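Please take a moment to look over the model shown here before reading on.

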Amino acid sequence: MPDTHIALREAAAGYGVRLVFEGLTLEIPAGQVTALCGPNGCGKSTALKAMRRLLPLRHGAALIGDRPVTERSARTLAREIAMLGQTPEAPGDLTVRDLAGLGRYAHASRFTGPGAADRAAIDAALSAVDLSDLADRPIAALSGGQLQRAWLAMTVAQEAPAILLDEPTNHLDIAHALETLDLVRRLAHEMGRTVVVVLHDLNLAARFADRLVLFRDGRVTGQGPVSEVFRPELISHVFDIGCEIVMTSVGPMVVPFKNSRAAAQDGQRKAA
Amino acid sequence: MNVTAARLGLLGMLLSALLLTGIGTGSSFLGPDRVIAALWGTGERMDMVIVWTLRLPRVALAALAGAALALSGALLQRATRNPLAAPSVLGITDGAAVGVLLFLTISSDAANHLTVPVAWQPAFAGLGATGFALLVLLLGGRHRADPLRLLLYGVALAALAKALVVLLLIVGPVYRASQALIWLAGSVQAAQGRDVVLLGSVLGLSLPVLILLARPLDQLRLDPDSAFATGLPVAAVRGAALALAVALAAGAVSVAGGIGFVGLLAPHAARLLFGSRAAPQLIGAALLGAAMTTGADLLVRLAFQPLEVPVGAVTAALGAPFFLWLLNRRGDPHA
């Protein structure tokens, strides 16, 4: 296994009085795609926010390399780790290029504004998400898939060695979802970035990620290479379903069905 | 970019024309040539007196107060990401008025003379404005997702501040009661050179801060999480923008009273004209705000002669319907 790039150690975090997880320990290897999966409210998005210091830890530490994320300024941290949230917002009059340019904040000089390196990074990011042709279009005039790619361009332009993505395929049709995850893979395998991605769709996660981390109720119930974690008994336990894994030409697929307990309850209800 | 520059140039010309007309208009009309000559120091003696001591303080104060309130509103809207935020809406204007009247009440003696230098007045305006701003932001800030909630707290606390102002006016031994009345509606009729210098310095001091804030404010167009993820120290930038907004509003209110709705209207108009980039929008808002108050003051002088109607009454009469329209509008309020 490659070196650990990002880690949570005995971490506890939550919102208000509610703790989403505690005692969570998680290691993200460098240069790979790690997918965080699990049912709604299991703590996968919260874990992502904790890694990016968007949420303070009540206990434990979030580490990047071997230093806690709290030891860096906002600017320094942004040069090491980028993140795209689930519902990013920006005014509609920004062009695609403007939006990608906002990813350069931590690099560009405070006084002279963006320089040649910034422009090169923006161009590279736009071409990576295949939006070079639409660079001057206001983001209000983009389709859902184009807009999601424009946000990815901002995140890529940040040129951070680690990238965290929270449900990047949300609201995308299947073609754009595949395209986005293809980019995610290239970010890791061709550009050497460490990518952590929260994904709802287990089948897409199994196909595009190198490693899976399965969450349930704020605990990690399984982590490792896809081949080790993508198993019926583990998935059944995490999602409270029955399932079968079938091998297809593009990879393993999970076929879920109601587990026996739920089916039995259903049967009783029908009988009554 | 060229469109932006052209529009800013046009706005600048409009403002200059309003300023020249404002200075020229009065019981004896001076043409622009005579106003310019007097301003330049080459005019006739009589013109110089009229321009420099009678008219310029009033017109300059109107323009500076409009610019300060517009900048304050633009900063508030950006920092709170709330398109309905403005110094008058968030209780800052009325809070400053409470500070001023508190100052006048506690520092006047039995003969209604001030016992401390009047230079302390803006400091008290600042304290009142800061106090009410903090209250509104603390109460409303807990409900980030709901922009109307912040507004409701602002309206409630502004009403409280207004009540306090009236109470202090009635109860307190007030130094120059007629002057105190201007804080109810906002007026520049009693402008003095001292007021112009004071507000001018507040604006002058805020300029370097605004220049430093331009890029961070651009970044703050992103939602707070995305802005932080790209490296912006969000809390610090918001804090700085809010503090500057409060200082600008307090400075304007302490010398010109609560001129309403300029701080809401001007930033919106600037946003429509110049888009979401911070530098052009802030410059545009300042020019528009100055033009609005200068124009409104000119209007009250021409339309209601010889009555003196507070300029704030005109800006409120024009601004309130616009505010209702904004409240009523559906869709993305930030686009």
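Helix H1 of chain A, residues 44–51, lies across S1, S2 and S4 of chain A, and runs at about 115 degrees to S1(A). Helices here are DSSP runs of H or I with at least four residues, strands are runs of E with at least two, and both are numbered from the N terminus. Angles run from 0 to 180 degrees between N-to-C directions, and the axes are lines fitted to C-alpha atoms, for helices over the stretch in contact. This is a predicted model, in which local features need pLDDT of at least 70 and side-chain atom pairs count only at pLDDT 80 or more, while totals for chains, interfaces and linings use all residues. Residues are numbered from 1 along each chain as its sequence is written, and chains are lettered from A and ligands numbered from 1 in the order in which they are written.

The strands under discussion belong to an open sheet of 4 strands in chain A, in the order S2-S1-S4-S5, with antiparallel pairing. Its edge strands, each pairing on one side only, are S2 (18–29) and S5 (67–68) of chain A. Two strands are said to pair if DSSP finds at least two bridges between them. Strand S1 of chain A (residues 4–15) is joined to strand S4 of chain A (residues 59–64) by 5 bridges, the two running antiparallel, and within this pairing Ala12(A) has His59(A) of S4(A) as its bridge partner. Strands of a sheet pair through backbone hydrogen bonds, either parallel or antiparallel.

Chain A also holds an open sheet of 6 strands, in the order S6-S7-S8-S3-S9-S10, and here the pairing is mixed. S6 and S10 (219–225) of chain A are the edge strands, each pairing on one side only, and neighbouring strands of this sheet are turned by 15 degrees against each other on average, direction ignored. Strand S7 (residues 162–166) and strand S8 (residues 194–198) of chain A pair in the parallel sense over 5 bridges, with Ala162(A) standing opposite Thr194(A) in S8(A). Helix H6 of chain A (residues 174–189) packs on the sheet, where it touches S3 (33–37), S7 and S8 of chain A, and its direction makes about 150 degrees with that of S8(A).

Where chain A meets chain B, 22 residues of chain A are in contact with 18 residues of chain B, contact meaning that the C-beta atoms of two residues, placed from the backbone, lie within 7 Å. On the side of chain A that touches chain B, two or more residues are given by helix H2 (74–80) and by strand S6 (81–84) of chain A, and the largest share, 3 residues, comes from H2(A).

Chain B, in turn, has 14 helices and 0 strands. Its radius of gyration, taken over C-alpha atoms, is 20 Å, close to the 20 Å that the globule rule (2.2 Å times the number of residues to the power 0.38) gives for 335 residues, so chain B is as compact as a globular protein of that length. Of these 335 residues, 52% count as buried; a residue is buried if 20 or more other C-beta atoms, placed from the backbone, lie within 10 Å of its own. In helix H4 of chain B, 12 of the 15 residues are buried, so H4(B) is largely enclosed by the rest of the structure; among them are Ile92(B), Asp94(B) and Phe103(B).
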